[in-house]
Amino acid sequence: MNHSSEQQGALKSNAGDGQQQHVKLMNPHLKLLEEDVLYHLSLGTKSHDLVEMFSDVRYVCMGGMPQRMRNFAEYMLTQLGYTLPTGTTLTDISVKSGRYAMYKAGPVLSISHGMGIPSASILLHEVIKLLNYAKVKDPVFFRIGTSGGIGLPPGSVVITEQALNCRLQPFYEMVILGNTVQRPSASDKKLVDDLLGFSRPDDDFITTKGKTVTADDFYESQGRLDGAICEFSEEDKMDYLKRMSDQGVLNMEMEALVFAALTKKAGIRAAVVCVTFLNRLEGDQVTHPKEELALWQERPQKIVARYILAKEKELLASSKKSQA
C-alpha cells in the first residue's frame with residue numbers, strides 16, 4: 001500500500017500516550033502454552049509475526065458475510081486514501097481456515113463473523129487474543145450488520161444502546177462447566193453518542209439509537225410465523241413485539257448480545273450498528289429486492305467509516321503537533 005509519510009506517522013501507535021493500554025487477556029492458562037494456534041483464523045503465535053502483521057490495527061469491524069466485509073475493506077482503502085500496488089489486490093488473511101474471511105485496510109481489520117452467537121463468539125475470542133499478541137493498543141470494535149426493525153421503516157440504521165436477550169434482560173447467558181454464567185451487555189455510551197453524531201441531515205435514511213434484542217435463531221426465537229415449526233399464534237407474536245417496542249427495542253438480530261458482552265468483559269470499546277431490512281410489526285419476510293438490500297447494507301458502513309476517518313484525522317493532527 002502506498003500512502004504519504006504523514007499517514008505513515010499517523011498509523012503508528014502514540015508511544016508517548018500514557019493513557020493507551022494493550023489489549024488484555026483474562027486467561028492465566030494462555031501463559032503455559034508453547035504456541036497459541038488461532039485455529040479458526042489460520043494464524044499462530046509461532047507460525048506468524050503477529051506484531052509485524054497487526055500492531056497498527058486500531059479498528060476491528062465485523063459483519064456476517066465474507067463478501068460484505070471484503071467490500072467494506074475496499075471501501076475503507078478508498079476512504080483512507082490507500083493505493084494498492086499495481087497488480088495486487090486485497091488478500092483474505094484467513095483463507096486457509098475456511099471459516100472466516102479477514103481483510104486488512106491500514107489500521108482497519110474487516111472480518112466476517114458468520115451467523116449467530118456461537119460463530120461470533122469463536123471469532124471474538126480469537127481476535128481478542130490476536131490483538132493481545134500483536135501488542136495492539138486501545139482498539140475499537142464494531143459490528144456492522146443487518147437486522148429486523150421494530151417500528152422503524154426498512155433501511156433505517158440502529159446504533160445499539162443496550163443489547164438484550166430474548167427475555168429482554170441486559171446480559172448474555174451461557175453455561176460453563178455446567179454452571180450458568182451471566183455477563184452484562186451494556187454498550188459504550190460515549191461511543192454510541194459519537195457514532196450518532198456522524199449521521200447527517202442530507203442522509204437519505206434514519207439513524208437512531210435504541211435497544212437491540214439478540215435471538216438464538218432466525219425463526220422461532222424471533223417470533224416469526226413462517227418457519228418450518230411454529231407453535232404460537234399471530235396474537236402471541238404481536239404481543240411479544242409490542243412488549244419489546246414498549247421497552248425501547250428498535251431491532252432484532254443474532255449477534256449483538258455476545259459482541260457487547262465479550263468486548264465489555266475484555267475492556268474493549270465496542271458498538272453495534274445495523275440496518276433494518278423490514279419492520280417486524282408489519283411482517284416476517286424480507287421482500288425488498290436484493291439490489292436495494294445491498295445498498296442498505298452500505299448505510300451502517302458509512303456511519304462507522306465517518307467515525308474512523310474523523311479519528312484518523314485527529315491522530316494525524318496530534319502527530320503533526322508532537323513533531324512541531
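Author: Let us begin with a loop: L168 sits between β7 (157-164) and β8. Helices (H or I, at least four residues) and strands (E, at least two) are DSSP runs, numbered from the N terminus. This is a predicted model, in which local features need pLDDT of at least 70, side-chain atom pairs count only at pLDDT 80 or more, and totals for chains, interfaces and linings use all residues. Residues are numbered from 1 along each chain as its sequence is written, and side-chain values use heavy atoms, with hydrogens and water left out.

Reader: Is L168 buried or exposed?
Author: Buried means under 20% relative accessible area, exposed over 50%, and partly exposed in between (1.4 Å probe, protein chains only). L168 falls under the buried cut-off, because its relative accessible area is 10%. So the word for L168 is buried.

Reader: What is the phi of L168?
Author: Most residues other than glycine have a negative phi. L168 is not a glycine, yet its phi is positive. The value is about 65°.

Reader: Which residue takes a positive phi in the hairpin of β8 and β9?
Author: Strand β8 (residues 171-176) and strand β9 (residues 179-184) run antiparallel and are joined by 6 bridges; two strands pair if DSSP finds at least two bridges between them. The hairpin has 2 residues between the strands, and the one with a positive phi, near 50°, is L177.

Reader: How many residues of β7 are buried?
Author: β7 has 8 residues and is mostly covered. The buried ones number 7.

Reader: Which strand does β7 join through 7 bridges?
Author: β7 also pairs with strand β12 (residues 269-279), in the antiparallel sense over 3 bridges, and there I159 stands opposite V273. The partner with 7 bridges runs parallel to β7. In that pairing A163 stands opposite T212, and the strand is β10.

Reader: What is the bridge partner of T212 in β11?
Author: Strand β10 (residues 207-214) is joined to strand β11 (residues 249-253) by 4 bridges, and the two run parallel. Within β11, T212 has as its bridge partner N251.

Reader: Which residues does T207 contact, apart from its neighbours within four places in sequence?
Author: T207 is found in strand β10. T207 counts as buried because its relative accessible area is 15%. Contact means heavy atoms within 4.5 Å, and with those neighbours left aside, T207 touches V157, I159, L196, S199 and I303.

Reader: Which residues of α7 are buried?
Author: Helix α7 (residues 256-265) is mostly covered, with 8 of its 10 residues buried. Just after α7 comes G267, with a positive phi of about 75°. The buried residues of the helix are A256, L257, V258, F259, A260, A261, L262 and T263.

Reader: How far apart in space are K137 and I122?
Author: K137 lies in the loop between α4 and β6, and it is buried because its relative accessible area is 19%. K137 and I122 are 15 residues apart in sequence. From C-alpha to C-alpha, their distance in space is 22 Å.

Reader: What is the phi of D138?
Author: D138 is in the loop between α4 (117-133) and β6 (140-149). D138 counts as partly exposed because its relative accessibility is 29%. Its phi is positive, though D138 is a residue other than glycine, and the value is near 45°.

Reader: What is the radius of gyration of the chain?
Author: The chain has 8 helices and 12 strands. The globule rule gives 20 Å for 324 residues, and the chain comes close to that, so it is as compact as a globular protein of that length. The radius is taken over C-alpha atoms, and the rule is 2.2 Å times the number of residues to the power 0.38. For this chain the radius of gyration is 20 Å.

Reader: What share of the residues in the chain is buried?
Author: Along its principal axes the C-alpha trace spans about 65 × 50 × 40 Å. Among contacts between residues at least 6 apart in sequence, 77% join residues at least 24 apart. Of the 324 residues, the buried share is 48%.
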